[in-house]
Amino acid sequence: MALARGGCGDAVVTADIAGWTDAPRPAPVRGALRIENAVKHYGVGASRVLALDGCSFDVRAGEICVVVGPSGCGKTTLLHAAAGFHGLDGGTIHLDGRLLCGDGSDATAPPGSDRVVVFQNGALLPWKTNLENVMLGPRFQGRAPIAQVAAKARRLMRDAGLEGYENAYPGETSSGVKRRVEIVRALMNDPAVLLLDEPFRALDSLTKSMMHAALLAIHAQNRSTIFFITHDIEEAVFLGSRVVVMTSRPGRTKEVIDVDIPYPRTYDVLTSKRFREHVQAATSIVHEEALRAYERGEREGRAS
Amino acid sequence: MTTNVLVGAAGEPVRPIRPKAVTWASGRATRRALVSYAVVLLVWQLGATSRTWLGHPLPILGNLPAPSAVLEAFRRLLGDPGYWQSGYASFLRVVTGFGAAVLVGVPLGLLMALNPRLRRVVFPVFELLRPIPPLAWVPAAIIFWPTQELSIDFVIFIGAFYTMVLNVLGGADSVDVRLIQTARSMGAARWNVFSRVVLPAVIPSIVVGSQVAIGITWEVVVAAEMISGGGSGGGTASGGGLGFFIWSSYVGGSYPQIVVGMISIGMAGYLSSAALRWTGGRLTRWAGAPS
């Protein structure tokens, strides 16, 4: 896995930004994640499971890198290690050259606002309004006066089409709006990399396609690196500049697919020949792994 | 009776408009409740006065004071400062015992939830003591504490304490771990995770626990006053609380007053629960819709 970092479709992204006059100046592109030989076990004794076994790939600065793989292949383990929720048993993860996870738990960097996680079922605080939720990160960090934070939150919410939802509670808002509020909340921290753990999994297909458009628009504007996990191959190909396919447990990198479809991507892409070819290629690889995982599950089921 | 069925444009039957149906049903429910109250009062009145119209008292009911006598006693007592002082004394004890249970129980529950080591040490002892009924503590409490007042407060505290701790512990255990992870991911320090995530998430459990606990305290205060206040002879009629009021009414043979005392305690319990429910509703207004 010797992949060059940086310089991936930047020109296209910048061209799209020109339309946003009141958008903040794009931050220097950062957020390159380098995952090398990641190894992770779960459990102890007889129930010890090898979740990751020498998984390596790069997430280039400023790109949307989508990781697909069968259930239990260690995608989420990898993302949680990058987030700082737990360490690795072997290998390293670097963010822009800084060691996040090393061999030995003492080298694990604690969770930080430079790599914010968005979970699949949502984690908005139900007792805070949407606006207050969006303001949480900077409030936790105590790095700016409240009026300034509120102004920025309102601006980002407006840019994401969330005007009018500021004072509603998450419980009063639809699932699609909640997902966008969460992504905006993550962006409030100016993260180097956004860690999205199947963020659209629980949504219906219509809302999901709206979310894809919203995420691509946000990314075009913001250019923060996105590390995106999913089961959905079409979603992966539609969003990702590269798609990393992982093997079934223990997780390794099986293949990295370069999606040579230029941004900005619209729904026309979904019916294009190139898109179908990529989906087909990715599907056959993922299926092979899913089948292996299934057969192993069958064996384990009979054995126990 | 096909004429009663409303038919829509396409010929399908149409349901009657909903709000109308609701008011009609609730009106009927109110009427039924009123009828059943009336029946209970009538049976009670007839049973209690059976000695007069039947010649001999009916079993059980024949020994009750009549509702009319209770009402008469109630009217008399409303002008009696002693009655109000009894109620005030019980109320004060409930507030003290319950307040102490909240002040000790909520932090203890939170500490056990946040610190697994402390939990492993404290929880087994807690579970060992929990099955002991609050009233079984009365004699021990009288020995432990220098004044009778403190003994009663302590027994009330015991009654509310376990419920508070268990509710807080359960509430803190069920805080969604993703809320905590997200907060940490956004740079929240430990203190922020506690004060902005764990504590607000536990408030609904504190509210529910308080409502259950205050009900228990009213059960306990009456019994504790009967036992310690009535038994030691130290309490005066006014300072003994409603429990002692009932007991001394029994000893003095003024049976209508017993019933007045019973009703007073029921009302006090209901009102304090309602007050907590109202407060809790204001604290957790966001919880109206599930997120």
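Two strands count as paired if DSSP finds at least two bridges between them. What you have here is a predicted model, so local features need pLDDT of at least 70, side-chain atom pairs count only at pLDDT 80 or more, and totals for chains, interfaces and linings use all residues. Residues are numbered from 1 along each chain as its sequence is written, while chains are lettered from A and ligands numbered from 1 in the order in which they are written.

**The sheet in chain A**

- Helices (H or I, at least four residues) and strands (E, at least two) are DSSP runs, numbered from the N terminus.
- Four strands of chain A make an open sheet in the order 2-1-4-5, with antiparallel pairing.
- Strand 2 (49-59) and strand 5 (98-101) of chain A sit at the edges with a single partner strand each, so one side of each has no neighbour in the sheet.
- From one strand to the next, the twist averages 30 degrees.
- Strand 1 (residues 33-42) and strand 4 (residues 90-95) of chain A pair in the antiparallel sense over 5 bridges.
- Strand 1 and strand 2 of chain A are also antiparallel, over 8 bridges, and Ala38(A) has Cys55(A) in strand 2 as its bridge partner.
- Helix 2 (residues 75-83) of chain A lies across strands 1, 2, 4 and 5 of chain A, running at about 115 degrees to strand 1. Axes here are lines fitted to C-alpha atoms, for helices over the stretch in contact, and angles run from 0 to 180 degrees between N-to-C directions.

- Arg48(A) is in the loop between strand 1 and strand 2 of chain A.
- Arg48(A) is exposed, with 9 other C-beta atoms within 10 Å. A residue is buried if 20 or more other C-beta atoms lie within 10 Å of its own, exposed if 12 or fewer, and partly exposed in between, with C-beta atoms placed from the backbone.
- Leaving out residues up to four places away in sequence, Arg48(A) touches His41(A) and Gly43(A). Two residues are in contact if their C-beta atoms, placed from the backbone, lie within 7 Å.
- Arg48(A) and Met135(A) are 87 residues apart in sequence and 41 Å apart in space, C-alpha to C-alpha.

- Most residues other than glycine have a negative phi, and most peptide bonds are trans.
- Asn37(A), though not a glycine, has a positive phi of about 50 degrees. Asn37(A) is in strand 1 of chain A and is partly exposed, with 16 other C-beta atoms within 10 Å.
- Asp190(A) has a positive phi too, near 45 degrees. Asp190(A) is in the loop between helix 6 (175-187) and strand 7 (193-197) of chain A.
- Tyr263(A) and Pro264(A) are joined by a cis peptide bond, with omega about -5 degrees. Pro264(A) is in the loop between strand 10 (253-258) and helix 9 (268-271) of chain A.

**Domains of chain A**

- Chain A is split into domain 1 (29-114 + 191-303) and domain 2 (124-189), with bounds from an automatic or database domain assignment.
- The C-alpha centres of the two domains of chain A lie 26 Å apart.
- Where they meet, 16 residues of domain 1 of chain A are in contact with 13 residues of domain 2 of chain A.
- On the domain 1 side, the largest share, 8 residues, comes from helix 7 (residues 205-222) of chain A.

**Cores**

- The largest nonpolar core has 82 residues, and Ala82(A), Val184(A), Leu195(A) and Phe227(A) have the most contacts inside it. Such a core is a set of buried Ala, Val, Leu, Ile, Met, Phe, Trp, Tyr and Cys residues joined through C-beta atoms within 7 Å.
- Apart from that one lies another core of 51 residues, including Phe154(B) and Phe157(B).

**Chain B and its contact with chain A**

- Chain B has 11 helices and 2 strands, and 33% of its 291 residues count as buried.
- In all, 19 residues of chain B are in contact with 22 residues of chain A.
- Helix 8 (177-185) and helix 9 (190-232) of chain B each supply at least two residues of the chain B side, and helix 8 of chain B gives the largest share, 7 residues.
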